[in-house]
Every structure is written in C-alpha cells, then in structure tokens.
Amino acid sequence: MPTIKVMSAGAVQAMVEAIGKEFERFSGHRLDLNFGTAGALRERFAGGETADLLILPAAIIAALDQDGRLAAGSIRALGRTVTGVAVRAGASAPDISTPEAFKRALIAAKTVSYTDPKAGGSSGTFFAALLERLGIAEAVNQKAVLGKRGYEVAQAVADGRAEIGTTFISEILTVPGARVIGPLPGDLHNSNTYTAAIPKSAAAPEAAKALLQALSDPATRARWTAAGLEPAFA
C-alpha cells in the first residue's frame, strides 16, 4: 500500500487527523500528514515539493487549478470556519457584540494574541489588515503575542500569556483552557472555506481519492460541525 502524503492548513487539522487515523485502519494505507500555514504550504508546493492531497483555502486551490497544477475533477470543498475571539476558560468575557465594542476590548486588553502574518496564515494576514482598518494597529501590536499558527494563539490565551486572542474557531476548539466567546461581530466577520484537491504530480492519486472520499463522507458532517467547521459537502 502506498503512503499518502497530505499537505494541509491547520484550520482543518483536527478533522484530518481524526478521520485520517480511521482511514489508515480500514484501508491499510499510511498517511504522511504535513500541517502548516496556508501561505507556507503554498510556497513549498510551488517550490517543487510533492503531495498526494492538498487541503488549502479555496482561493489558493482555485489559483493552483488555474495554473494547471491539479487533477481534473479532483477539487472538493470540505469545511468552512470563521474567525473567532477567545479568552481563558473561567475568565470574564469582554463585550464583542459590535465592531466598536470589539475595538474597545482590543484597546483595553493588556495583551492580544493573533497569528503572525509573516508566517503565512490566513487568519493573521486578515487580522493585521483589520487592525489597520480599525486604526489601532500600532496600539495592539505593541502588546501582541504572536503565534506561528492558530493553535499557538489559543495556547497563549489558555496559558494566560494573552488576555484575548483571535484565530479560526476550529483551531481554538483544539486547545483545552481556551474558550470561544463568539465570532467577529458585524462587518468584521471573516470566514474561510478549506478545499481539497489532488495534484497532477501526485504519486498515489487513487489512494488520495479514497482518502478524500473518507474526509467528505456525509456521515461525518456532524463531526465537522462539532469541530467548528461548517461542512461544505452534501
């Protein structure tokens, strides 16, 4: 049985790992799972690294398809998650009910965690631009606790190193001690759909197709939802 190499963004890591373990047991295949930020994985793939299955934001998959890098008919949307706000479990939650309230909460917090945009994460790139839009980038960045990936943001909140954090809800839910208090409010709302595809250069395309079928099995929809991801497949 060939090994299936997967390059996946961290926002869907929990589900890829969980379903992947089950797939290994019933299929006999071994999975080589590689998780990272969307930007870093895109650069690795563009630089010549091969994979049997890519799971990245829909916009990146669309760009790779336009470049002719993906197998025809292999693209499948898996799940959609939204940017949320986290505090430490047991801590009082600030008011984030409106964009203005969220802005006040960021200013009032002693420390704020989000993913470092230089690491290539979708959430960090978005949030850095949002701080500029709100006119508080300098104030927040002076007290920022940056993580390379979303789970590191949630961990900083859980550990008490950051008073408030923001990243995709699906990543916050993987960290004990971090509590989601809601999505970004109003017109600050941000979502991302994660899509899978098999590259033309895949060494094990048929095995990757079987894994993709397992990941998008309708019987798993409730599990995707529980993991903070709205299923994007029927």
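## A tour from the cavity to the strands

The largest cavity has a volume of about 130 Å³. A cavity here is a set of points on a 1 Å grid over the protein atoms alone where a 1.4 Å probe fits but cannot get out. Its volume is the space filled by probe spheres set on the points, with grid points joined across faces, edges and corners.

Before going on, note that this is a predicted model, in which local features need pLDDT of at least 70, side-chain atom pairs count only at pLDDT 80 or more, and totals for chains, interfaces and linings use all residues. Residues are numbered from 1 along each chain as its sequence is written, and side-chain values use heavy atoms, with hydrogens and water left out.

**Stop 1: the cavity.** Select Gly10, Thr37, Gly121, Ser122 and Glu171, which lie nearest the centre of the largest cavity among the 16 residues that line it. Lining residues have an atom within 4 Å of a point. The lining divides into five nonpolar, eight polar and three charged residues. In this grouping Ala, Val, Leu, Ile, Met, Phe, Trp, Tyr, Cys and Pro are nonpolar, Asp, Glu, Lys and Arg are charged, and the others, Gly among them, are polar.

**Stop 2: strand S1.** Next select residues 3-9, strand S1. Helices (H or I, at least four residues) and strands (E, at least two) are DSSP runs, numbered from the N terminus. Six of the seven residues of S1 are buried, so the strand is largely enclosed by the rest of the structure. Buried means under 20% relative accessible area with a 1.4 Å probe, protein chains only.

Two strands pair if DSSP finds at least two bridges between them.

**Stop 3: strand S3.** S1 also pairs with S3 in the parallel sense, over three bridges. Serine 8 stands opposite isoleucine 55 in S3.

**Stop 4: strand S9.** S3 (residues 53-57) leads on to S9, with which it pairs in the antiparallel sense over four bridges. Select proline 57 and its bridge partner in S9, tyrosine 194. Five of the seven residues of S9 (residues 191-197) are buried, so this strand is largely enclosed by the rest of the structure. S4 and S9 pair in the antiparallel sense over six bridges; here arginine 76 has alanine 196 of S9 as its bridge partner.

**Stop 5: helix H7.** Finish with residues 150-158, helix H7, where Gly150, Val153, Ala154, Ala156, Val157 and Ala158 are buried. After H7 comes glycine 160, whose phi is positive, near 85°.

Note on methods
1 Å grid on protein atoms, 1.4 Å probe; cavity = no way out; pocket = protein on both sides within 12 Å on 5 of 7 lines; lining within 4 Å. Buried < 20%, exposed > 50% of the residue type's maximum accessible area, 1.4 Å probe, protein only.
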